[in-house]
Amino acid sequence: LKQETRHHRSCVLVYNMGNTFDNMSTDTARSSKENSGGTTLLLIDVQNDFHPGGSLAIPTANEDADRIASLIRNNMSSIDRIIATLDSHRKLHIAHPAFWVGEDGKNPSPFTIIASDEVESGKWKPREDLKVPSTELDTVIFEKAKDVIREDGSIDLLKYCIEYTRALEKKGRFQLCIWPEHCIVGTEGHCVVPTVYSAIDRGSLCSPHCIQRHR
């Protein structure tokens, strides 16, 4: 990994086994491709909802987008693959307000922290009318999967939420934070910010490079 640029939410990772774009000549770029399999530009969650006007905006994100777009436009001949990840949620995501109900019957406000003991005590609980099939559960990542699946194949959401919040807290680094609704699939906020999308789109017309988008 030769070049890494991070600024708040937007993230760019440039994987290259040779040199960085800053000092890469045409001959060096060609040699690097032949010897290493090429260069991949990984764009992490460069989406509208994280930019000014979005529901979870970073004030300086537009400047990040301009730099990313410039990097793409100025280096398309050296980039073999662009992968753009997409933060992807549904409205009733566990970290969205509408998923939860408090003792007063109200949803939590954005940026509320919900601890596992608060779920166990009943201070916060998942909506009782939610029904989630076990196919929605990643049994590879979620170690306690078998403990939260009912006989009918649905997920016991209360048990799931207790285990989920415990797992977040296990290493002492995280607790569940309730975020404003963001990056909901099918909405404008889920899309790649236009500045960067335009640069990717133009680049794809100029070269046969592989453009990938991942949720």
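This report describes the confidence, fold elements, backbone exceptions and aromatic pairs of a predicted protein model.

**Basis and confidence**

Residues are numbered from 1 along each chain as its sequence is written, and side-chain values use heavy atoms, with hydrogens and water left out. Since the model is predicted, local features need pLDDT of at least 70 and side-chain atom pairs count only at pLDDT 80 or more, while totals for chains, interfaces and linings use all residues.

The pLDDT is the predictor's confidence in each residue, from 0 to 100. Its average over the protein is 82, and 78% of the residues score at least 70. Where pLDDT is low, the predicted coordinates should not be read in detail.

**Overall make-up**

The protein has six helices and nine strands. These are DSSP runs numbered from the N terminus, with helices (H or I) of at least four residues and strands (E) of at least two. Of the 215 residues, 43% are buried. Buried means under 20% relative accessible area, exposed means over 50%, and partly exposed lies in between (1.4 Å probe, protein chains only). The accessible surface comes to about 12,500 Å², and 49% of it belongs to carbon and sulfur atoms; areas come from the Shrake-Rupley method with a 1.4 Å probe, and for residues only the protein chains shown count as cover. Among contacts with a separation of 6 or more, 66% are between residues 24 or more positions apart.

**Strand E3 and its surroundings**

E3, H2 and E4 make a right-handed β-α-β unit. Right-handed means that, with the strands pointing away from the viewer, the path from the first strand over the helix to the second runs clockwise. E3 and strand E4 (residues 81-85) run parallel and are joined by five bridges; two strands pair if DSSP finds at least two bridges between them. Within this pairing, Leu43 stands opposite Ala84 in E4, and Ile44 stands opposite Thr85 in E4. Four of the five residues of E3 are buried, so the strand is largely enclosed by the rest of the structure.

Asp45 lies in the loop between strand E3 (40-44) and helix H2 (61-75). Asp45 is buried, at a relative accessible area of 9%. Although Asp45 is not a glycine, its phi is positive, about 55 degrees. Most residues other than glycine have a negative phi.

Ala95 is placed in the loop between E4 and E5 and is buried, at 7% relative accessibility. Not counting residues up to four places away in sequence, Ala95 touches Leu176, Cys177, Ile178 and Trp179. Ala95 and Cys177 are 82 residues apart in sequence, yet 6.4 Å apart in space, C-alpha to C-alpha.

**Aromatic pairs**

Rings of Phe, Tyr and Trp (its six-membered ring) pair if their centres lie within 6.5 Å; planes under 30 degrees apart count as stacked, over 60 as edge-to-face and the rest as tilted. By this rule there are four aromatic pairs, including the two tabulated here.

| Pair | Centre distance | Plane angle | Class |
|---|---|---|---|
| Phe111 and Trp179 | 5.8 Å | 85 degrees | edge-to-face |
| Phe142 and Tyr160 | 5.0 Å | 50 degrees | tilted |

The pair of Phe111 and Trp179 links distant parts of the chain, 68 residues apart. Phe111 is in the loop between strand E5 (100-102) and E6, while Trp179 is in the loop between strand E8 (176-177) and helix H6 (194-206). Both residues are partly exposed, Phe111 at 49% and Trp179 at 35% relative accessibility. Phe111 also has a positive phi, near 75 degrees, in a residue other than glycine.

Phe142 lies in the loop between strand E7 (124-126) and helix H4 (145-148) and Tyr160 in helix H5 (residues 157-169), so their pair ties together parts 18 residues apart in sequence. Phe142 is buried at 11% relative accessibility, and Tyr160 is buried at 15%. Ring pairs link Phe142, Tyr160 and Tyr164 into a cluster.

Technical notes: Contact = heavy atoms within 4.5 Å.
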